[in-house]
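This report walks through the strands, a helix, the aromatic contacts and a surface patch of one protein model. Please keep the sequence and the coordinates open while reading.

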Amino acid sequence: MSISSIRSYLTTSTNAAPLAVFRIFFGLLMLISIVRFAANGWIEKLYIEPQFFFSYYGFEWVQPLGDWTYLIFVICGLCSIFVTLGYKYRFSILVFFLSFTYIELMDKTTYLNHYYFISILSFLMIFLPAHAYYSLDARKNETLRSQQVPKWSIDSIKLLLFIVYFYAGLAKLNSDWLFEAMPLQIWLPSKYSIPLLGDLLQQSWTHYAFAWAGAIYDLSIPFLLLIRKTRIFAFILVVIFHVLTRVLFPIGMFPYIMIVSTLIFFDAGLHNRVLDYISRWFNITKSFFDNGKAYSFPQQWVRKASLAVVSVFFVLQLLIPFRYLLYPGELFWTEEGYRFSWRVMLMEKVGYANFKVVNPDSGQRFYVDNTEFLTRFQEKQMSFQPDFILEYAHFLEDHYRQELRIDDPKIYVDSYVALNGRSSQRYVNPNVDLTEIEPSLKHRTWLLPFDDEIKGL
């Protein structure tokens, strides 16, 4: 592709309706997510009740704020309303990104791929003119009001969705998923009570069929959505796939978010009809926004800066999932570079971690009752994730230094993990004092090697 063709593409405009519809549905789904989270009591359970929270490396300063944590959710919910309406859009989507990401950074225990997806998508939307059409901002500001937006602004959302699906498909190209149907062989039989599907989910061939169909779906669906002739068929597959995953697994709003998001691949005609429906329901004069004008950034430097940020954003999105190649050992075992790589539901890990505290001055030793410090959910996640184990060991070091006046407590862990149905194997070197190891991005030499091999990406 020549520089002139790139310049031509970057100056090409297209109908703004898909971006406006995406903004409206994104805001609505985020509002439902926040309300659902609060209504289920998860704010209290996950961010108020625990006395210890697992942090992301470099973000240890992000902590729940006690009862003020509710205020973060209120701010996040209000911003989602404003994003839906396109009111003070730039500020609203910025604050939504900051508040939502703060919530996700408060405790690593709650990490899910789709929460990460929402964070980076809302970051991307900061730089897109999603308020230029069919918004309160555009209604009030004639200068802003535009029926055309840069084509790259809509294509950038398509590209992010493409990466999510395609990388999720690449991650499924491993021997556990394709040739052992793991971890579906563990999960699906437990869904015996689902009407119509329950008996089918007990069959081994069903597990393999789901595994192969899932990989083929993830790898092909972004291409099928891009091609006009296969788009409707692809969208039907999207609906079937995500409704099925919603029935089988407790993954919250993610299926609905992906179903609605893929509408961005459709032509502007569909989105204009959607806006026509909304206009009739709420007595909005849609023609007021149809001025034929193309959006232009308020300043050239703003446009250039937005393009630069979006470009760097996508370079990082393409590279970050492959950072695991920098580490030796089995990815599923060490989890070095596992998060933020669209590896969706590929592992079933069960662990056991019994911590021993040694007072080097007296020689006394005792074992830790994890339930004294962690919720059951935190303890479960800690038991098989190495960065959790190390962070918890340092917490115990600080705790017993202060509570029992042990100057330099030594912390050892007796840990076993079972991965994807294999026999349980000792996980952490029991002779390593974990207090001597500082959290970092270095290779975890204190983990014992995986005694099997998983081939693939």
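In this predicted model, strands β5 and β6 form a hairpin with five residues between them, and within the turn Asn420 has a positive phi of about 50°. The two strands pair in the antiparallel sense over two bridges, β6 being made of residues 425–426. Across this pairing, Tyr416 stands opposite Arg426, and Val417 stands opposite Gln425.

The other partner of β5 is strand β3 (residues 349–358), and here the antiparallel pairing runs over ten bridges, with Asn354 standing opposite Asp414 in β5. In general terms, strands of a sheet pair through backbone hydrogen bonds, either parallel or antiparallel. Strand β5 (residues 410–419) is largely enclosed by the rest of the structure, because seven of its ten residues are buried.

Helix α8 (residues 151–171) has 21 residues and reaches 30 Å from its first C-alpha to its last, which is close to the 30 Å expected at 1.5 Å a residue. The helix is mostly covered, since 18 of its 21 residues are buried.

How many aromatic pairs does a search of the whole structure find? The search finds 47 aromatic pairs, and two of them are set out below.

| Ring pair | Distance of centres | Angle of planes | Kind |
|---|---|---|---|
| Phe52 and Phe395 | 4.4 Å | 35° | tilted |
| Tyr167 and Phe322 | 5.4 Å | 65° | edge-to-face |

Phe52 lies in the loop between α3 (42–48) and α4, whereas Phe395 belongs to helix α18 (residues 386–403), so this pair ties together parts that are 343 residues apart in sequence. Both Phe52 and Phe395 are buried. Ring pairs also link Phe52 and Phe395 into a cluster with Phe54, Phe355, Phe366, Phe373, Phe388, Tyr392 and Tyr400.

**A nonpolar surface patch**

Which residues make the nonpolar surface patch of about 850 Å²? The patch is made by Leu65, Trp68, Leu71, Val74, Ile75, Leu78, Ile81, Phe82, Leu85 and Leu136. Helix α4 (residues 69–85) supplies the largest share, with seven residues. As a general point, an α-helix has 3.6 residues a turn, so residues three or four places apart point the same way. Leu136 is found in helix α7 (residues 136–140), and with a relative accessible area of 32% Leu136 is partly exposed.

Note on methods: Residues numbered from 1 in each chain as written. Predicted model: local features only at pLDDT ≥ 70, side-chain atom pairs only at ≥ 80, totals over all residues. Heavy atoms only, no water. Patch = residues over 30% accessible without salt bridge, like charges linked within 9 Å, V, L, I, M, F, W, Y side chains within 5 Å. Areas by Shrake-Rupley, 256 points an atom, 1.4 Å probe, with all protein chains shown as cover. Salt bridge = Lys/Arg side-chain N within 4 Å of Asp/Glu carboxyl O. Helix = DSSP H or I, 4+ residues; strand = E, 2+ residues; numbered from the N terminus. Buried < 20%, exposed > 50% of the residue type's maximum accessible area, 1.4 Å probe, protein only. Pairing = 2+ DSSP bridges. Expected span 1.5 Å × (residues − 1). Phe/Tyr/Trp six-rings, centres within 6.5 Å; stacked < 30°, edge-to-face > 60°.
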